[in-house]
Amino acid sequence: MGNIKKYQPIIYEGIPDLNQESIAYREFWDEQIERCKNGYKPRGMDAISGKHYYYLNFYKILGNSGEKGGRKTLIAPWYRDMDKEYFDLFETCKDEEKGMIVIKARDKGFSYMNSGILAQEFTFYPFNEIGIAAGLQVTADSFFGKVKNGLFNQERIFRHSILKDADALLKSGYKKKDRDGKWNVGGFQSSIHCRTMSNPEVFKGERLSVMIFEEAGEFKELLNAYMSSKACFMDGDIQYGVPVIGGTGGDIETSSKDFMDMYYNADAFNLIPMFIPATKCYHGFFDLKTGVSNISGAEKKLLAERDQLKTGANNKGYNLHIQNYPLTVEEAFLQTKSSKFNIGNINEQRGLIMSSPQTENQIQKGRLEWFGEGMDVEWIPDDTGPYKILSHPMTDYQGLDIGGIDSYDQDTAKSSKSLGSAIIYRRFYSVDLPSNYVVAEYTERPKTAEEFWDGCLKLAVYYNSKMLIEFTKIGIIDYFKRMGGMKYMKERPTAAHSPKTVNRNRFGIQMNKHTKSVMEQYLHKYVEENCGDIWFMELLDELANYGVRNTDRVIAFGLCLIHDIDIYEKSVKFGESEINNIGFVYYKRENGRLVPYKE
């Protein structure tokens with residue numbers, strides 16, 4: 001590695017005491033400006049970028065000496081291997097006309113590196129426009145404060161006169177009178193704009209050399225904000241600015257699924273992804289003399305902490321530790337807030353799906369349309385269609401697929417964000433046939449409730465499946481009846497039935513407190529044992545956020561599980577050795593084959 005102090009000559013050698021009117025003085029500062037803009041390569045060392053050189057030698061951050069118990073003061077940043085990778089990636093993005101998207105563990109100095117990048121742009125390039133975007137005002141204020149603190153505490157020769165210093169704008173320059181007594185603006189006239197993006201269009205019209213999306217996990221509409229801002233760093237087909245999208249494990253809110261989608265599909269958004277694990281520059285496992293991270297030592301320490309947390313009765317602390325100090329990308333995106341189900345299993349499956357184009361693209365989208373004179377349905381592939389299918393019907397197996405519907409009775413209301421959802425679930429038939437997994441879903445809220453009911457009936461017909469609903473949702477029951485589709489309604493199940501409740505309904509189930517509790521037990525058991533069989537990302541998201549926001553798919557899926565258990569319990573009464581009940585009819589074995597059973 002060599003002597004890393006060579007990267008910081010201003011810090012370790014100091015600024016020579018030269019006459020400010022001398023040629024030597026001007027040459028010294030011309031050389032420093034050249035290094036700050038174009039980089040520096042000490043003899044026998046790797047080169048560092050201009051922004052990295054400026055950051056190490058002229059920028060100030062709040063930190064300590066690295067010793068235990070030291071108070072934080074304004075210091076020059078340390079040279080760290082992680083920082084070099086980060087600044088080098090920024091230069092790669094600049095050269096290749098791309099942006100960067102970063103997910104990281106806590107306490108990595110991400111905000112300081114980004115604030116240093118902005119300060120360098122503001123200091124050395126006139127008429128430069130720079131953007132800071134945040135999802136929350138407190139985040140915007142905190143980050144803008146770091147930028148200003150660094151700028152106002154750098155060497156005096158680099159400081160600019162400030163024309164305007166406000167909460168949302170910092171502009172360099174000064175006013176002066178010309179010979180005619182008119183006021184003109186002089187100086188670099190560079191600007192830093194700081195805005196929250198509750199309105200994704202808030203940067204519209206700006207032309208930005210760098211745009212930092214600070215703590216992107218806090219954005220409610222990150223994708224919309226990013227796409228709406230693309231024109232800010234584009235000139236036709238040429239990207240001259242660098243967007244930097246970054247977030248911290250533990251701060252990925254449930255509303256920002258966009259961040260994860262953009263990270264795993266970085267190429268589609270012209271971004272280069274970067275993951276900074278907890279093992280990088282982990283305090284106590286980082287050598288200040290060499291700038292090198294002790295990855296293996298940090299990992300051993302972190303895993304030991306996890307093992308200790310595992311012994312507790314509540315796994316919340318264990319999950320939070322993984323999320324805040326992730327070793328993998330999937331761990332960084334772990335959601336733990338208020339989940340009633342095994343969040344580790346859910347996020348492991350989510351990560352598996354999104355890390356592979358093959359698994360992510362295996363779901364087909366399309367429409368189901370009536371055709372002919374009778375009740376027949378055909379599948380039409382359509383990327384904008386509301387139906388999502390993993391596996392189409394297996395017509396050789398009657399009653400193999402069953403369904404559940406979370407319906408509604410009113411047409412779309414402005415005050416309601418709830419959707420209707422129908423799920424098709426493939427039951428166990430034999431060890432040779434994939435089973436116990438969701439094969440299709442239909443989730444939307446069209447203009448009228450009847451359109452949704454019709455969509456559910458199409459799905460039931462397509463899979464020749466009975467559907468379990470809540471019997472209080474009378475609209476869909478009446479619709480199925482009017483359309484001659486009552487054979488697709490599941491009769492009242494005894495599974496999850498409360499013995500204290502008297503029900504007279506023929507079809508559907510009452511979703512009372514007892515039923516809901518039983519359904520949640522079935523869901524819990526499925527997530528514990530079969531979460532790896534869920535390939536629908538939206539269902540995984542709703543399982544992670546169950547009880548926090550609308551989870552229509554989870555209710556429909558829970559009804560499928562009740563439906564399945566009810567069929568199993570009834571089949572046991574007839575003797576499983578002789579009868580295999582898989583839905584509409586009972587079967588028995590004859591000469592190694594299944595044939596319809598008749599009493």
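Biologist: Which residues touch the most other members of the largest nonpolar core?

Modeller: They are F213, I245, I346, I405, L459, F480 and L543, in a core of 101 residues. Helix α14 (residues 449–463) gives the largest share, 10 residues. This is a predicted model, where local features need pLDDT of at least 70, side-chain atom pairs count only at pLDDT 80 or more, and totals for chains, interfaces and linings use all residues. Residues are numbered from 1 along each chain as its sequence is written, and side-chain values use heavy atoms, leaving out hydrogens and water.

Biologist: What makes a set of residues a nonpolar core?

Modeller: Its members are buried Ala, Val, Leu, Ile, Met, Phe, Trp, Tyr and Cys residues joined through side-chain atoms within 4.5 Å; buried means under 20% relative accessible area with a 1.4 Å probe, protein chains only.

Biologist: How do you know that strands β10 and β13 pair?

Modeller: Pairing takes at least two bridges found by DSSP. Four bridges join β10 (residues 210–214) to β13 (residues 242–248), therefore they count as paired, and they run parallel. Strands here are DSSP E runs of at least two residues, helices H or I runs of at least four, numbered from the N terminus.

Biologist: Why are β5 and β14 called edge strands?

Modeller: In the open sheet β5-β6-β9-β4-β10-β13-β3-β14, β5 (162–165) and β14 (271–276) each have a single partner strand, so one side of each lacks a neighbour in the sheet.

Biologist: Which strands are at the edges of the seven-strand sheet?

Modeller: The edge strands there are β16 (376–381) and β21 (467–468), each pairing on one side only.

Key:
Buried means under 20% relative accessible area, exposed over 50%, partly exposed in between (1.4 Å probe, protein chains only).
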